[in-house]
Amino acid sequence: MGSITRTSVVVWFSVVVILSVSSIVKSCPPSDRAALLAFRKDLHEPYLGIFDTWKGVDCCKGWYGISCDPNTRQVADINLRGESEDRIFEKAGRTGFMNGTISPSICKLKRLSSVIIADWKGITGEIPACITTLPFLRILDLIGNKLSGELPANIGKLRRLTVLNVADNLITGRIPPSIVNISSLMHLDLRNNRISGEIPAEFGRLYMLSRALLSRNQLSGSIPPSFSKIYRLADLDLSLNKLTGSIPESLGKMAVLSTLNLDGNLITGNIPPTLISSAVSILNLSGNSLEGRIPDVFGERSYFTALDLSYNKLKGPIPKTLSSATFIGHLDFSHNHLCGPIPAGSPFDHLEASSFAYNDCLCGKPLSPC
């Protein structure tokens, strides 16, 4: 009887040990948990209570915004957004606010694939330079905070990065030359910062890029012609900077470019005819110092949902070929030195007088008769 009891105890103890070991294996590594708790220590989120869920030994289970690799149980994703339709936001009845800084301890999470710490409005400090040591990082999204300092100089080491979004911050300094080494980059958003200096001349090495959004900065120098080497580029926004020089003619020869915003710069020279006869459907060149005539090369391929050439130094008549365009939605030729009669018919019959105001001597409907 005693031997049976001893055997039962041994079996019971073995089961407990196995279950305990199994539980540990299925939990996140203690080092990952420690790194997350150190990361949390530098942040303060007073309204939603998302960090109240960061309890227990398993950071892969129930920790808000944390996801783990199903095989290794290492932390793979940090997804913390200050604006979301998640139930926790609905319950609080407000968007989130968080202040503090992004701790370098995040760099101890070596399996990180995505870091999204976005739209918290109050997070300050710099992007940890060690972020460039995360070999598996694919998404870095830090939009909508108050981050300052420069982009890490070695950002080009993130060879697997597909999304880099630091828009709406206070980032200064230059675009690191090493950025052109991120051959997998598809989405680049640096809008609304204080980034200065020239755009790297070899920007065209980012062959996979589909969106390059660099507006509302202090970028200077000319537009690199190498942009035209990015075959997949569909959206290029360089507006509201201090760019000079002329518009590269090669931009109008890009296969899939559909949106080109160059407004609010110091660009000179003529409008390349290739841009007018290209597949670009949103073309905004307003607020520059462009000269010469509007190229008279519109045709059936011309399909503009928006064409804005206002606030330049353009001269001569409105091209008659504009009538042959397949579609012209919004059009603005105001504040130039255009002269002569406005062509009759489409698309001019649906445009407002404001589209042609403040020119030297334009006449005809919708302005005064010639």
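Is F333 buried or exposed? With a relative accessible area of 1%, F333 is buried (under 20% relative accessible area; over 50% is exposed and in between is partly exposed, using a 1.4 Å probe and protein chains only). The model behind this is predicted, so local features need pLDDT of at least 70 and side-chain atom pairs count only at pLDDT 80 or more, while totals for chains, interfaces and linings use all residues. Residues are numbered from 1 along each chain as its sequence is written, and side-chain values use heavy atoms, with hydrogens and water left out.

F333 also turns up in the largest nonpolar core, a set of 98 residues in which I106, F227 and F333 touch the most other members. A nonpolar core here is a set of buried Ala, Val, Leu, Ile, Met, Phe, Trp, Tyr and Cys residues joined through side-chain atoms within 4.5 Å. Among the elements that give two or more residues to this core are α2 (30-41), β3 (75-81), β16 (303-308) and β18 (327-332); helices (H or I, at least four residues) and strands (E, at least two) are DSSP runs, numbered from the N terminus. Leaving out residues up to four places away in sequence, I106 touches F39, I78, L112, V115, I117, I131 and L134, where contact means heavy atoms within 4.5 Å.

On to the rings: there are 8 aromatic pairs in the structure. Rings of Phe, Tyr and Trp (its six-membered ring) pair if their centres lie within 6.5 Å, and planes under 30 degrees apart are stacked, over 60 edge-to-face and the rest tilted. F51 and W54 make an edge-to-face pair, at 4.9 Å centre to centre with 75° between the planes. Both partners are buried, F51 at 6% relative accessibility and W54 at 3%. The F333 and F356 rings have their centres 6.5 Å apart and their planes at 80°, so this pair is edge-to-face too. F333 sits in the loop between β18 and β19 (337-341) and F356 in the loop between β19 and β20 (361-363), so the pair ties together parts 23 residues apart in sequence. Ring pairs also link F39, F51, W54 and W63 into a cluster.

R94 lies over the face of Y47, 3.8 Å from the ring centre, and R111 lies over the face of F136 at 4.0 Å. The criterion is NZ of Lys or CZ of Arg within 6 Å of the ring centre and within 35 degrees of the ring normal.
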